[in-house]
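Biologist: I would like to learn how to read a fold feature by feature. Can you take me through one?

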Amino acid sequence: MSTGFFTHSDCKRHDMGSWHPESPARLQAIDDQLIASRIDILLEHREAPLATVAMLETVHTPQAIALVAENVPAEGAEHLYPIDPDTSLNAYSYTAALRSAGAAVAATDAVMAGELDNAFCSIRPPGHHATPGAPMGFCLFNNVAIAAHRALEFHGLARVAIVDFDVHHGNGTHDAFRDDPRVLMVSFFQDALYPFCEDPGSKTGLHNMVNVAVPAFSGGEAVRKVVTEKWLPALHAHQPQMLFISAGFDAHREDDLGQMGLVEADYAWITRQVMDIARQYAQGRIVSCLEGGYNLSALGRSVVAHLKVLAEID
């Protein structure tokens, strides 16, 4: 398998303060684990380009884009611009967000062109909480949603699927595609956790949204049951021509931002299920984008487990 690894040093320049869990150290932890596991040389490393405003506008309103673009502090400024209580901008945040969205688009283009079998985007800021109308929850622009639109509108696919295994519900992705039957979203997330959604798929009757709330302290067995009984039947019925993953690793048992009990083997198992669907319906095409994951050791180990499956490395 040829697996792309998209990132850029600009993504490490977005910094919301030394106290903030969504820190530049997250990407460094991934880089360190790739080297320690000796799989870095087995990936095709590519530099993330800058997304254009036109790419952002496929998902976001001009007002949402301007809120970020027009409020970054001047370079060298010590203050941050607060978007919400959890999300701030420094001088490099807009550029980092353009790199993150650009990575997702470039990975989509490369996989669609057959240059890569699949790809992982090691990027920040994350994206799945960013709604069409507003950034929120550590997220500025919705990278996976922008990539999915790219596959549909630029590459002409008829159906795609988004798999979200972050501990928090991807409310921004849900909002972006709730009325678009071309897009199936499947996810699990910890119940009664930010952004405090209940079961936004079944309770609204949206057949293209299979988003399942699970109780706190759920482990791998409960999540595998959700995947087997809820996700896979929906994915088989939808027959996506490309799959996108919002790869959040904060449902790991060592991560303090959630209260779930997944381990590396669970992320590897979920990735195998997604790959099986991709082989059946999508010529193996997958683009995975980093979302959460805040315990640095657990994050690095989990990304390695995810990438080993994507790249079919024993």
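Modeller: We will go through the sheet, the hairpin, the rings, some loop residues and the backbone. Keep in mind that this is a predicted model.

Biologist: What does the chain pass through on its way from β1 to β2?

Modeller: The path goes through helix α1 (residues 25–36), and this β-α-β crossover is right-handed.

Biologist: Next, the hairpin. How many residues lie between β3 and β4?

Modeller: Two residues lie between β3 and β4 in this hairpin. β3 (residues 81–84) and β4 (residues 87–89) run antiparallel and are joined by three bridges. One of the pairings puts Tyr81 with Leu89 of β4.

Biologist: On to the rings. How many aromatic pairs does the structure hold?

Modeller: There are eight. Read each by distance and plane angle. Phe188 and Trp231 make a stacked pair, with 6.0 Å from centre to centre and 20 degrees between the planes. Planes under 30 degrees apart count as stacked, so that angle qualifies.

Biologist: Where in the chain do Phe188 and Trp231 sit?

Modeller: Phe188 is in strand β7 (residues 183–190), and Trp231 is in helix α7 (residues 220–238). They are 43 residues apart, so the pair links distant parts of the chain. Phe188 and Trp231 are both buried. Elsewhere, Phe165, Phe249 and Tyr267 form one aromatic cluster.

Biologist: Which rings have the charged end of an arginine over them?

Modeller: Check the distance from the charged end to the ring centre. Arg13 places its charged end over the ring of Tyr92, 3.9 Å from the centre. Arg150 does likewise over the ring of Phe154, at 3.7 Å from the centre.

Biologist: Now the loops. Is Ser122 buried or exposed?

Modeller: Take the accessibility, then the contacts. Ser122 has 0% relative accessibility, so it counts as buried. Its place is in the loop between β5 and α5 (143–154). Beyond residues up to four places away in sequence, Ser122 touches Phe5, Phe6, Thr7, Leu27 and Ile30.

Biologist: And why does Cys139 count as buried?

Modeller: Because its relative accessible area is 1%. Cys139 is also in the loop between β5 and α5. Apart from neighbours within four places in sequence, its contacts include Thr87, Pro126 and His128.

Biologist: Last, the backbone. What should I look for?

Modeller: Look for exceptions: most peptide bonds are trans, and most residues other than glycine have a negative phi.

Biologist: Which residues does a cis peptide bond join?

Modeller: Pro125 is in the loop between β5 and α5. Another joins Tyr194 and Pro195, also with omega about 5 degrees. Pro195 is in the loop between β7 and β8.

Biologist: Where is phi positive in a residue other than glycine?

Modeller: Phe138 has phi near 75 degrees. Phe138 is in the loop between β5 and α5, and is buried at 13% relative accessibility. Glu312 has phi near 55 degrees. Glu312 lies in the segment after α9 (296–310), and is partly exposed, with a relative accessible area of 44%.

Terms used: Residues are numbered from 1 along each chain as its sequence is written. This is a predicted model: local features need pLDDT of at least 70, side-chain atom pairs count only at pLDDT 80 or more; totals for chains, interfaces and linings use all residues. Side-chain values use heavy atoms; hydrogens and water are left out. Rings of Phe, Tyr and Trp (its six-membered ring) pair if their centres lie within 6.5 Å; planes under 30 degrees apart count as stacked, over 60 as edge-to-face and the rest as tilted. Helices (H or I, at least four residues) and strands (E, at least two) are DSSP runs, numbered from the N terminus. Buried means under 20% relative accessible area, exposed over 50%, partly exposed in between (1.4 Å probe, protein chains only). A charge sits over a ring if NZ of Lys or CZ of Arg is within 6 Å of the ring centre and within 35 degrees of the ring normal. Contact means heavy atoms within 4.5 Å. A crossover is right-handed if, with the strands pointing away from the viewer, the path from the first strand over the helix to the second runs clockwise. Two strands pair if DSSP finds at least two bridges between them.
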